[in-house]
Amino acid sequence: MKQEINPKDTSRAAAFELWMSSPMPMVTLVKTMDVSRLVKACKRKSMSFNMALCWCIGKAATEMQEFYTIPEKGKLYTYDMLAINVIVNNAKGGINSCDIPYTENITEFSGTYQQLTRQVAETCKSSFIEDRMIIGTSAMIQTELDCIVNQYTDKFCNPMVMWGKYRKGWFKTTLPISFQFHHVQMDGGHGALFLEKLQQTINSIG
C-alpha cells in the first residue's frame, strides 16, 4: 500500500529539505561482490542467476526501513511491500519493464519471475505494480563492466541496482554491482550498509 507521509515526521526530514529540489539528487556506489556461492547454487538447483540475484537484492532491502520510503514529485511516500523491476528482451527485439513482487520464499519468487517475464516477453507489454516500492535492476550481461551510472534525474527516484557479466577467477567468481539511490531516500552510509547486507545474503545462499 502506498501512503503519503509528512517528511518532518521521519528521520529523512533534513535530507528532504536539502535534496528534494536538487537537479541531480542521485548517488551511485559500486562494490565488487563475491558471487561464487550464488553461481554454484544456481547451477546446482538449475536456477537463473539474474533471478537469484534479484531475490538477494529484495531480501537485503527488506532489512532496511529506508527502502520502504521514496520521494516523488515533491512529496514523500511510504510502502509496506517491495517489488523488483527487471528489463525483459521482448519477442520483437525491443525491451519492456516487468515488476516482480518480492516474496521471502525464493522458490515462489522464481516461479513468479519466470511466469511474468515470459508473459512480458511474449506480449511485448510492460507489467507494473502500483502498490509496492519498486527497486529497479538492469543486467547487461553481454560483457564485463566495471561500473554503471544511470540517468541522474529527478524524473526517476527509485533505487537501481545494475551489473554486467560476472568474472570467473581461479578461486572465486566476482561481479561489480552499481547501486544508485535518491539522496532523500537514504545517505551514503545506508547505501554502503545495503551493499554489505547484499553480500551477506549472497553468501548465505545454500
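Leaving aside neighbours within four places in sequence, which residues is T173 in contact with? The model is a predicted one, so to speak of local features a pLDDT of at least 70 is needed, side-chain atom pairs count only at pLDDT 80 or more, and totals for chains, interfaces and linings use all residues. Residues are numbered from 1 along each chain as its sequence is written, and side-chain values use heavy atoms, with hydrogens and water left out.

Back to T173, then. Its partners, once those neighbours are set aside, are M33, D34, V35, S36, V39, Y166, R167 and K168, where contact means heavy atoms within 4.5 Å. T173 sits in strand 10; helices (H or I, at least four residues) and strands (E, at least two) are DSSP runs, numbered from the N terminus. T173 counts as buried because its relative accessibility is 11%. Buried here means under 20% relative accessible area, exposed means over 50%, and partly exposed is in between (1.4 Å probe, protein chains only).

Two of those partners, S36 and V39, also turn up among the buried residues of helix 2 (residues 36–45), which are S36, L38, V39, A41 and C42. As for what covers them, the list includes strand 2 (26–34), helix 3, strand 10 (173–182) and helix 5. Just after helix 2 comes S46, with a positive phi of about 55°.

I205 picks up the story in the segment after helix 5 (188–204). With a relative accessibility of 10%, I205 counts as buried. Apart from neighbours within four places in sequence, I205 is in contact with R37, L38, A41, W55 and C56.

What about the cysteines? The structure holds zero disulfides, a disulfide being a pair of cysteine sulfur atoms within 2.5 Å. C54 can't form one because its sulfur is 9.3 Å from the closest cysteine sulfur, in C56, too far for a bond. C147 is in no disulfide either, as the nearest cysteine sulfur, that of C54, is 19 Å away. C54 is buried, at a relative accessible area of 1%, whereas C147 counts as partly exposed at 43%.

Now for the largest pocket. Its volume is about 1,000 Å³. On a 1 Å grid over the protein atoms alone, a cavity is a set of points where a 1.4 Å probe fits but cannot get out, and a pocket is an open set with protein on both sides within 12 Å along at least five of seven lines; lining residues have an atom within 4 Å of a point. Grid points are joined across faces, edges and corners, and a volume is the space filled by probe spheres set on the points. The lining of the largest pocket has 42 residues, with N85, I87, S97, D99 and G136 lying nearest the centre. Strand 7 gives the largest share of that lining, six residues.

N85, one of those central residues, belongs to strand 5 (residues 82–89) and counts as buried, at 9% relative accessibility. The N85 side chain makes a polar contact with the side chain of D99 (2.8 Å). Neighbours within four places in sequence aside, N85 is in contact with S97, C98, D99, I134, I135, G136 and T137. A polar contact is a pair of N or O atoms within 3.5 Å; within protein, one must be able to donate a hydrogen and the other to accept it, and residues adjacent in sequence count only if both atoms are side-chain atoms.
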